[in-house]
Amino acid sequence: MIRTLIGILLFTSIGCFAQPVEDNIPEDRREEIEAMKVAFLTRRMELTPEESQKFWPVYNQYQGELDAHRREGRKIKTQARRVEDPTIEELDDLSARRFAHERKRIDIEEKYYDEFKKVLPPKKIAIYYVAEQAFKRELLRRLQERRNRPIPEGNQR
C-alpha cells in the first residue's frame, strides 16, 4: 500500500516538471510564435537596438539550454512510466534524479541571470521575467480562442 502511494506521488510529481512536446508544432508555426515572442519581449522590455544586439544571442543560448534540459526531463518521465511495481530503491533513485534535474534547471537560470546582467540593467531583466510569463498567458489565450472559434461551413470534414 505504501509503495503504491509513494509510486503515485513520484510519478505525478515527475509530470509536473515535464514540458509539452514541442516536436508536434510545425516548423513554420514555431517560427511564427518565436517572431511574436521576440516582438512582444522587445516591446515590453523597451530594448534599444544596442541592447537587442547583445541580449538576443544570450537569450537564444539560454533557451537552447532550457530546451535541452526539458528534453532530458521528458526522458526521465518516460523512464519512470516504464517502471512497473517499483522497489523502494527505484523510487529513491527516481526521486534523486528528479531533484537533480530541478537543481540543474535552477543552475541554468542562475547562470543566465548573471549573463543577462552583463548586457542589460537589472530593471530590464526583471521586466523580461514578467514579460516572458505574460507572453505565455497571451499565447495560451490566443490558442484557446482559436480552438473555441466555430469552424466555417466550407471547412467541416
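Trainee: In what order do the elements of the protein chain run from the N terminus on?
Mentor: Helices are DSSP runs of H or I with at least four residues, strands are runs of E with at least two, and both are numbered from the N terminus. Here the order is α-α-α-α-α, with 5 helices and 0 strands in the protein chain. Keep in mind that this is a predicted model, where local features need pLDDT of at least 70, side-chain atom pairs count only at pLDDT 80 or more, and totals for chains, interfaces and linings use all residues. Residues are numbered from 1 along each chain as its sequence is written, and side-chain values use heavy atoms, with hydrogens and water left out.

Trainee: What share of the residues in the protein chain is buried?
Mentor: Buried means under 20% relative accessible area, exposed means over 50%, and partly exposed is in between, using a 1.4 Å probe and protein chains only. By that cut-off, 29% of the 157 residues are buried.

Trainee: Which residues touch the most other members of the largest nonpolar core?
Mentor: The general idea is that in soluble globular proteins, nonpolar side chains tend to be buried together. A nonpolar core is a set of buried Ala, Val, Leu, Ile, Met, Phe, Trp, Tyr and Cys residues joined through side-chain atoms within 4.5 Å. The largest one here has 22 residues, and Leu41, Phe55, Phe116 and Tyr128 touch the most other members. At least two residues of this core come from each of helix H2 (27-45), helix H3 (49-82), helix H4 (88-119) and helix H5 (122-148).

Trainee: What does Phe55 touch?
Mentor: Contact means heavy atoms within 4.5 Å. Leaving out residues up to four places away in sequence, Phe55 touches Met45, Leu47, Phe116, Val119, Leu120 and Tyr128.

Trainee: How many aromatic pairs does the structure hold?
Mentor: Rings of Phe, Tyr and Trp (its six-membered ring) pair if their centres lie within 6.5 Å; planes under 30 degrees apart count as stacked, over 60 as edge-to-face and the rest as tilted. There are 11 such pairs. Take Tyr62 and Tyr112: their ring centres are 5.3 Å apart and the planes are at 45°, so this pair is tilted. Tyr62 sits in helix H3 and Tyr112 in helix H4, so the pair ties together parts 50 residues apart in sequence. Tyr62 is buried at 4% relative accessibility.
Mentor: Tyr62 also pairs with Phe116, edge-to-face, at 5.5 Å centre to centre and 85° between the planes. Phe116 lies in helix H4, 54 residues from Tyr62. Ring pairs link Phe55, Trp56, Tyr59, Tyr62, Tyr112, Phe116, Tyr128 and Tyr129 into a cluster.

Trainee: Which residues of H2 are buried?
Mentor: They are Ile33, Lys37, Phe40, Leu41 and Met45. To see how they are arranged, look down the helix axis and take the arc of the directions from that axis to the C-beta atoms. The buried residues of H2 fall within an arc of 110°, so they line one face of the helix. Their cover includes H3 and H5, while the face turned away from the buried side carries the exposed residues Asp28 and Arg43.

Trainee: And what does Gln63 touch?
Mentor: Gln63 lies in helix H3 and counts as buried at 14% relative accessibility. Not counting residues up to four places away in sequence, Gln63 touches Lys37, Tyr128 and Glu132.
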